[in-house]
Amino acid sequence: MEPSFWHSKWDAQQIGFHQSEVNPLLIKYWPQLNLSHSANTSVFVPLCGKTLDICFLAELGHEVVGCELNETAVEHFFTENNLRFSTSSEGELKKFVTEQVSIYQGDLFSLSPETLSRQERPAIGAFYDRAALIAWPEEMRLDYVDKLAELIPPKSIGLLITLDYPQETLKGPPFAVSNDWIVSNMGKNFEIELLASKDVLNENPRFIKKEVPWLTESVYRLERKA
């Protein structure tokens, strides 16, 4: 998707992808990653928006490093959670910082491993993707996977949440990502374990209204290969 698409969504506050509470699957499955030294682990959250999932991860003791295209989304994250922050420039990106959270505002593809390594936080050892992979149409998705693999150090462990449905029945985002696509296109860089998969059509009125016949939500444990 072009950046202008997402900027227009935030400008119009058409942000149905934003959840007003912490994602229940994050709460349920994050402990299965067995991150025993949480205080010494930074968690990378790509395309983070203003998600409350960041607050949940920080409350567990993690340092959190996000990346978000839209500046309004980043500002809202801090103001809506009553967090004082400072800003600085990192090349093409703007960096917002508070006690346990840093968010790089700008194009994810402008973020480099070198920039992440310069941050004054523990090294990234985990990542969380609820709405990033499914935000990309198929022709752009593999570029995102390659970028994520570039930014994540070997042995980093992550939680990935996806949706799958007959793509022809609904114009994304969110876009349909099948288990076969995950295995075929992410297996080069990640060890993949499917933790759960469930039909959630009845919980999503938009999909019912569009007569989507089924909607599967899946949760994966990923580990960046060496």
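I looked up what covers the buried residues of helix H6 in this predicted model, and the cover includes strands E1 (42-46), E6 (124-129), E8 (190-199) and E9 (216-224), together with helices H5 (113-117) and H7 (179-186). The buried residues of H6 I noted as Arg141, Tyr144, Val145, Lys147, Leu148, Ala149 and Leu151.

I then checked the helix itself: H6 spans residues 138-151, and its 14 residues reach 21 Å from the first C-alpha to the last, close to the 20 Å expected at 1.5 Å a residue. I found H6 lying across E1, E6, E8 and E9, running at about 160 degrees to E1.

Next I traced the sheet, an open one in which 9 strands follow the order E3-E4-E5-E2-E1-E6-E7-E9-E8 with mixed pairing. E3 (86-90) and E8 stand at its edges with a single partner strand each, so one side of each is left without a neighbour in the sheet. The twist that I noted averages 20 degrees from one strand to the next.

Turning to E1 and E2, I recorded that they run parallel and are joined by 5 bridges, and that Ser42 stands opposite Glu63 in E2.

Last, I looked at Glu63, which lies in strand E2 (residues 63-68).

Conventions:
Residues are numbered from 1 along each chain as its sequence is written. This is a predicted model: local features need pLDDT of at least 70, side-chain atom pairs count only at pLDDT 80 or more; totals for chains, interfaces and linings use all residues. Side-chain values use heavy atoms; hydrogens and water are left out. Helices (H or I, at least four residues) and strands (E, at least two) are DSSP runs, numbered from the N terminus. The expected span of a helix is 1.5 Å times one less than its number of residues. Buried means under 20% relative accessible area, exposed over 50%, partly exposed in between (1.4 Å probe, protein chains only). Contact means heavy atoms within 4.5 Å. Two strands pair if DSSP finds at least two bridges between them. Axes are lines fitted to C-alpha atoms, for helices over the stretch in contact, and angles run from 0 to 180 degrees between N-to-C directions.
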